[in-house]
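Let's take a walk through this structure together, one piece at a time. Have the sequence and the 3D view ready, and follow along.

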Amino acid sequence: MQTKRTVFGSPVLPYLLVLPQVAITVIFFLWPAGQAVQQSFMREDPFGLKSTFVWFANYQKLFADPMYLHSLQVTAVFAISVTVVSIGSALVFAVAADRMVKSAQAYTTMLVWPYAVAPAVAGVMWWFMFNPTIGIMSYIMRGLGYDWDHSLNPTDAMILVVVAASWKQISYNFLFFLAGLQSIPSSLNEAAAIDNAGPMKRFFTITLPLLSPTTFFLAVVNIVYAMFDTFAVIHSTTQGGPSQATNTLVYKVFQDGFIGLKIGPSAAQSVVLMIIVIALTVVQFRWVERHVEY
Amino acid sequence: MFNRILAAGLMLTASVTSAFAATEVTWWHAMGGELGAKLEEIVAGYNASQSAYHVTPVYKGSYAETMTAAIAAFRAGEQPDIVQVYEVGTGTMMAAKGAIYPVYQLMADTKTEFDPSAFLPAVVGYYTDTEGHMLSMPFNSSTPILYYNKDVFEKAGLDPEMAPKTWEDVEAFSDKIMESGAAKCGFTTGWISWIQLENFSAWHNLPIGTLENGFGGLGAELTVNGPVQARHWDNLKKWQDAGVFSYGGPAGGADAPPKFYAQECAMYMNSSASRAGVIANAKDFEVGYGMLPYYADVDGAPQNSIIGGATLWVLQGKPAEEYKGVADFFHYLSSAEVQADWHQFSGYLPITKAAYELGQSQGYYAANPGSDVAIKQITLNAPTPNSKGLRFGNYVQVRDVIDEEFQNLLNGSKTSQEALDTLVVRGNDLIRDFQAANQ
């Protein structure tokens, strides 16, 4: 076994080398995070003229607020739906593209395109297509006898944001699945085929289990994406409505803090979010990194 | 950062071009599009009229974004001299005593000629404290009115010169329009909160909240869950189900204008400042104007409607020299010529009596029928404690609650009384939060 240890001549140099990274972490993470924690214990007017230390009052109020609990529930439904939809469809596309001999490249390129679209633009596009007054999709659905109205119907609104948020993420998942599929030795499939296993059987007994590390990794990444990266999609489609039916935790922080100017309660919400991110990161490092074979 | 560079650049050019370095005054505003261009024209007119001060207008996005930006800037000590704040932010601004420089005080300190009684009482009452002091400078105030499609009225066999007066009329006219096939829907509306609840209450002389709609102090509570409001929301739900009314979405109701422009709905309630947009978009039909409908059997209706829009607030922490510039600019801004020009261009109310009289003597109202509906409606009767406006803390969020509960009504999860009761409870909770943070 080879040793990777490097010996520095000067005791100062190593600290100097990590300094930029430490500085970035302190300025862009520790400092604002510390401020958020501090503000979450304060009650303050928007201008910061009067602030009172209120201990855990903001947190107590938060967890007693039915709207916040509702938002937790909405976030769970949204994150799980986005993960299932985007992973499921990406897998189907990847398997289909993997089978193509000549056109695989073309399909791959086209399927990756949506990833280049900015979330806000994607949101506006879906909003346009599903707009109850001017949208083509709602027009078609009315023709089929379904009165689509995401501005009033909570289920329609949730479907809209899930579709808009998943659409982009399919490209990302697709690339990982395609790479995963290509690393499965074809001898395994061929041997199974000789043993008279049909394509479906081979998929479920060989391909899927061998893809499970990729799937697990993508599940974590997608949940994080759905929870924290979909602000633009929601902002440009439903703005959390109707009646908070699509008001996820991140969007609520924005609404309470930046629109409603309630700084303390909003800071408390972002501290809760920070704890969730830390928990998800721990899951990813402890379990996912160990089991995924690259 | 970018703004600072921009401001620095502008200051540099200003000091190079003129012998005296003019005092720089920054104005953050939320007027985009044509209104923004007009605003810049007004500022350019002021800058050209004198050389002591130079006003720089900076567009900061929506009303909410402008206000948030100004507050964040204040906390960082980088605030502009003037910021445009929408009427629902009034409660927040008024409570921030150390952050704002009241206009009456500014005018007195700088010894600038200033007569609060020259302004329309219905407008200025909204921005005056309990002692009668004017705290911010009215700039763009509007009130909701009714627009209707004269061509559709004619096709349906109605008199195109007669706007509906009461809600009974609206219903009867809508039925006739829909039966005759002249249009698919009777009416739509922007701003459920502002038009179908706040103005609805004021128009029927019903209190929106206790303590004179919140003017009397931070301890006020909402009272919009009365029987008349419940009856109206009940009707809206019934009409929505029957297709008579078509919901245009939360907040400003982004989907409402296209329904009217595309002649899908025959009647449309929205701000008087939508007038320019309506005229520009109603290419294939003639537009009629009317006052807001009322229920004929409610005593005291119609009273007078209340305003929306924004005012200009002066922020603390700037050098005295700049405040002189601000006062001088405000003096220019409230002159009859500037006000009449702005009002006639935009559909916002004329802020001063002189501006209205100037429009009359110019023959503007005779040449543009319907352009004076808003001012007639807002001055229909002397404002009562129920109809001079409203002032509650955290009202930006209360507006969201109103939209949410209205959606709960329309999607059938609540009755009108349940929706209004929940709205009052949730709204009061927000108002209490504000009270706790500001006392």
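This is a predicted model: local features need pLDDT of at least 70, side-chain atom pairs count only at pLDDT 80 or more; totals for chains, interfaces and linings use all residues.

Residues are numbered from 1 along each chain as its sequence is written, and chains are lettered from A and ligands numbered from 1 in the order in which they are written.

The bridge belongs to a pair of strands. Strands here are DSSP runs of E with at least two residues, and helices are runs of H or I with at least four, numbered from the N terminus. Two strands pair if DSSP finds at least two bridges between them. Strand β4 (residues 137-142) of chain B and strand β10 (residues 308-314) of chain B are antiparallel and share 5 bridges. Is β4(B) mostly covered or exposed? It is mostly covered, as 6 of its 6 residues are buried; a residue is buried if 20 or more other C-beta atoms, placed from the backbone, lie within 10 Å of its own.

Now step back to the sheet. In chain B, 5 strands make an open sheet with mixed pairing, in the order β2-β1-β3-β10-β4. β2 (53-59) and β4 of chain B are at the edges and have a single partner strand each, so one side of each lacks a neighbour in the sheet. From one strand to the next, the twist averages 20°, using axes that are lines fitted to C-alpha atoms and angles from 0 to 180 degrees between N-to-C directions. Towards the β2 end, strand β1 (residues 23-29) of chain B runs parallel to β2(B), and 7 bridges join them. One of the residue pairs here is B:T26 with B:T56 of β2(B).

Let's turn to chain A. Its secondary structure comes to 12 helices and 2 strands. Of its 294 residues, 34% count as buried.

Finally, how do the chains meet? 23 residues of chain A are in contact with 28 residues of chain B, where contact means that the C-beta atoms, placed from the backbone, lie within 7 Å. On the side of chain A that touches chain B, β1 (42-44) and α11 (249-259) of chain A are the elements that give two or more residues. The residues of that side divide into 11 nonpolar, 8 polar and 4 charged; Ala, Val, Leu, Ile, Met, Phe, Trp, Tyr, Cys and Pro count as nonpolar, Asp, Glu, Lys and Arg as charged, and the others, Gly among them, as polar.

How values were computed. Two residues are in contact if their C-beta atoms, placed from the backbone, lie within 7 Å. A residue is buried if 20 or more other C-beta atoms lie within 10 Å of its own, exposed if 12 or fewer, and partly exposed in between; C-beta atoms are placed from the backbone.
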